[in-house]
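Notebook open. I want to look at the aromatic pairs and the nonpolar packing here.

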Amino acid sequence: MRNVPDAQPEVSQDDAGHHWVRALHSDADSPVEPVCSSETIASAVAQVGPGPVQWAVELGARIADRTIRRLPEFGGGRASMTTLRLGTEQVAIYMVRSLDAGHMVHTPNSAETCSMIHDYVHRRVPMDRIWAGMRYGHAWLTEEFMAACRTVVDRDQRAEELESVSQILFEQVITYAAELGELYRVENEAWISSAEFARDDALRSILDGEEVDENAISQTLRYPLSQFHVALVLKVAAGQESSAPADLHAVASELLHSFGTTTALVVGDSASEVRAWGGSDHRISADDALPRRAIPGIDIVVGFGGRGAKGFRRATEEAVRTADIAGKLRCCPPNILTYNQVSLVGLLLENPDQAADFADRELGELAEKSPHVDNLRETVLAYFECRHSPRAAGERLFVAKNTVIYRIKRAEELIGRSLDERPAETWAALLIAKALYDCENNPAK
């Protein structure tokens, strides 16, 4: 376990603790890394040992997963999941410590708790939703600890130990909820009096379509709405944290400058996801905006708009819509996308299950998921896009004209008809197949 010292618990069997928790351990093949600080982990290990602490870390991760499924407002990406786990992991660890001690071990006003509340206040997660999450978490934690107790504790001692689990966990959660409420109040009061709140409130009013005083909003944002706008969403790509730049704000600013914008506005968590806007006196096109090379470790979507608040909102909506579509693709899209690149497939994938069924019916055996048939579909799609020219399709795919002709014939055999029949349906089915599964069997494409 990261940041866990090689320590043994300070055993004292003379107290009233419930030391069965020291028998808890993880059976996972790949243990979950903790998100709490090394100090929190080390103090817990010193009391109960590494096994129970790792068990609590993994319990906290499971509770966080269940919470997001029940209350989606806690989601929003890897950073949001880490924030949620700061709470669930901390409570699970301190519950293990409290049971071991025989009384509630106070959950400190820690850096983890303050970071979590800061994130929720700034993302406008209401306190009543946090308390709702805690109620669900309390129920799930009780289930897990009681199940563990039944596994570890002898039958004749279970009733007493189960009662202790219920009592101590209730006290732990009630105390933690009260502390979170006070921290939330203090953070919220500071937040609503800040310039950052004024900026975010101005952004919300624009993006919600409210009637706004554009001059006043421009002064609040320090960003002129009178210009033409381009919007960006930058996210650290899944599994690429080590290769991504540490400061996404800097990357966004550099991109906007390269597009020819004269003003920029960048908001968000610089380490995981940011949104950015750039303004120009002239309309910016995709040819002007798209970088000539990818930026390793970052997925970027670009939206284009017009002048004023409406143009700002349109650029933002286009970027967000592009990101949503990219998230539905099971293949590996380019890491720089515009709406024009994915708008049609986005419409086709409004219902991914129905889209997949349509593609399977239209393509027949040409829908088979294998690298060989992937190549046939890619060739047919290039053939359609090159206006049925085998030579042009071959040049695009870097293969001979006769290879294209052979593949077209083979594809017609698999589909069971000429490609001249139902060309619109066939083309749509090919786009769906490319989006949903062409990369599953050929991830290097």
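I call a residue buried under 20% relative accessible area, exposed over 50% and partly exposed in between, with a 1.4 Å probe and protein chains only. This is a predicted model, so I note that local features need pLDDT of at least 70, side-chain atom pairs count only at pLDDT 80 or more, and totals for chains, interfaces and linings use all residues. Residues are numbered from 1 along each chain as its sequence is written, and side-chain values use heavy atoms, leaving out hydrogens and water.

Phe-312 first: I find it buried, at 0% relative accessibility. Tyr-223 is buried too, at 1%.

Next, rings. I pair those of Phe, Tyr and Trp (its six-membered ring) if their centres lie within 6.5 Å; planes under 30 degrees apart are stacked, over 60 edge-to-face, the rest tilted. I get 7 aromatic pairs. Tyr-223 and Phe-312 are edge-to-face, because their planes sit at 70°, with the centres 5.9 Å apart.

What does Phe-312 touch, beyond residues up to four places away in sequence? Counting contact as heavy atoms within 4.5 Å, I list Leu-203, Ile-206, Leu-207, Tyr-223, Leu-225, His-229, Leu-265, Trp-277 and Gly-306.

Last, cores: sets of buried Ala, Val, Leu, Ile, Met, Phe, Trp, Tyr and Cys residues joined through side-chain atoms within 4.5 Å. The largest has 54 residues, and Phe-312 and Trp-277 are among those touching the most other members. I also see a second, separate core of 53 residues, including Val-125 and Met-134.
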